[in-house]
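Q: Please take me on a close look at a single part of this protein, with what packs around it. I would like one connected account that I can follow on the screen.

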Amino acid sequence: MKKVLGILTVVTVLCISSQAMAIPVQWTIADGGNDHWYEVVAYGDNDTYSDRLWTIAKTTAEGMGGYLATITSAEESAWINSNLGDLSKYWLGGTDAAVEGTWTWITGESWGFTAWNFPPEPNDGDSPAISEDYLGFWSTTDGKWNDLPDDPWTVHTYLMRGYLVESNAVPEPASMILFGSGLFGLLGARRKFLG
Ligand SMILES: [Ca+2]
Ligand SMILES: [Ca+2]
Ligand SMILES: [Ca+2]
C-alpha cells in the first residue's frame, strides 16, 4: 500500500511539473563507463526565466538523489554527446564561484579534462560588470562548454533549456517510473548484486 501511495505521489508530481524527465540512461562498465546514470531534464513552457538558474538546478538534482553532471574525461564527454541527444544550453556541475578562474566540480572530483568552446570561453562574461561562474553546454550540439551567470536570461537574454543529472544509482523519481514500466525488477536485481 505504501508503495502504491508512493507511485501515486510520484505520478502526481510528474503531472504537475512541466519539466520533462527522460528515462535515465546508464553508462555501463561493460561499455567502458562508470556505471553511473544520466538523466536529461528539459525545462518546460511553465518554467519562467527565474526558474532556470544553475543554483536551482543544482538543488533539484540533489533532491533527485544525484548531482548536476560532471564530465571528467574525454570518454565521458564522448559518451554523453553520442547517447543523450541535444544538450545545448543545458547546465552541468562545474563552478568557479569560490575563486574566480579556479574551476571545480561540485562533487569534489578533480578538474582536469575540459571542453571549453575556446576561444573565447571561459570568458567570465568578458566584462568587469558581469560574473560567469557556472558551467553549461554551449549553444551548439558538439559538447563544448560555456561559463554562464547563474541567471543567463537576466544578464544576456540567454535561455537555458534544461540540466543534466548524474547519479551513482538510479535517480528518483525515475526509479518509480521504471517500476511502472516493469523494469524495476531488473534494476532491483542489479542493486542487490552491487550490495
Ligand atoms: Ca561524471
Ligand atoms: Ca568566472
Ligand atoms: Ca562565457
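A: Let's start where a helix ends: just after α2, Gly 65 takes a positive phi of about 85°. Helices here are DSSP runs of H or I with at least four residues, strands are runs of E with at least two, and both are numbered from the N terminus.

A word on the model before we go on. Residues are numbered from 1 along each chain as its sequence is written, while chains are lettered from A and ligands numbered from 1 in the order in which they are written. This is a predicted model, in which local features need pLDDT of at least 70, side-chain atom pairs count only at pLDDT 80 or more, and totals for chains, interfaces and linings use all residues. Here pLDDT is the predictor's confidence in each residue, from 0 to 100. Its mean over the protein is 86, with 78% of the residues at 70 or more. Please be careful with residues 1-16, where pLDDT stays under 50, and with residues 184-195, where pLDDT also stays under 50.

Now back to α2, which spans residues 54-63. Trp 54, Ala 57 and Ala 61 of this helix are buried; a residue is called buried if 20 or more other C-beta atoms lie within 10 Å of its own, exposed if 12 or fewer, and partly exposed in between, with C-beta atoms placed from the backbone. These three cover an arc of only 60° around the axis, so they sit on the same side of α2. The arc is taken from the directions that run from the helix axis to the C-beta atoms. An α-helix has 3.6 residues a turn, so residues three or four places apart point the same way. Thr 59 and Gly 63 are exposed on the other side of α2.

What lies over the buried residues? The cover of α2 includes β4 (67-68), β5, β7 and β9.

Because six of its six residues are buried, β9 is largely enclosed by the rest of the structure. Gly 162, Leu 164 and Glu 166 are buried on one side of β9, and Tyr 163, Val 165 and Ser 167 are buried on the other.

The partners of β9 come next; two strands pair if DSSP finds at least two bridges between them. Strand β3 runs antiparallel to β9, joined by six bridges, and Glu 39 stands opposite Val 165. Strand β4 is also antiparallel to β9, over two bridges, with Leu 68 as the bridge partner of Val 165. In contrast, β5 runs parallel to β9 through two bridges, where Trp 91 partners Tyr 163.

Some of these names come back in the largest nonpolar core. Such a core is a set of buried Ala, Val, Leu, Ile, Met, Phe, Trp, Tyr and Cys residues joined through C-beta atoms within 7 Å. This one has 27 residues, and those that touch the most other members are Leu 68, Ala 69, Trp 91, Leu 92, Tyr 163, Leu 164 and Val 165. At least two core residues come from each of β3, α2, β5 (90-95), β7, β8 and β9 (162-167). Strand β3 gives the largest share, four residues. In soluble globular proteins, nonpolar side chains tend to be buried together.

Phe 137 has Trp 145 as its bridge partner in β8. Along β8, Trp 145 and Asp 147 point one way and Asn 146 and Leu 148 the other, and all are buried.

Although Thr 48 and Trp 153 are 105 residues apart along the chain, their C-alpha atoms are separated by 9.9 Å. Another exposed threonine is Thr 157, with 8 other C-beta atoms within 10 Å, in the loop between α4 (152-156) and β9. Like Gly 65, which has a positive phi, Thr 157 takes a positive phi, near 55°, though it is a residue other than glycine.

Methods: Two residues are in contact if their C-beta atoms, placed from the backbone, lie within 7 Å.
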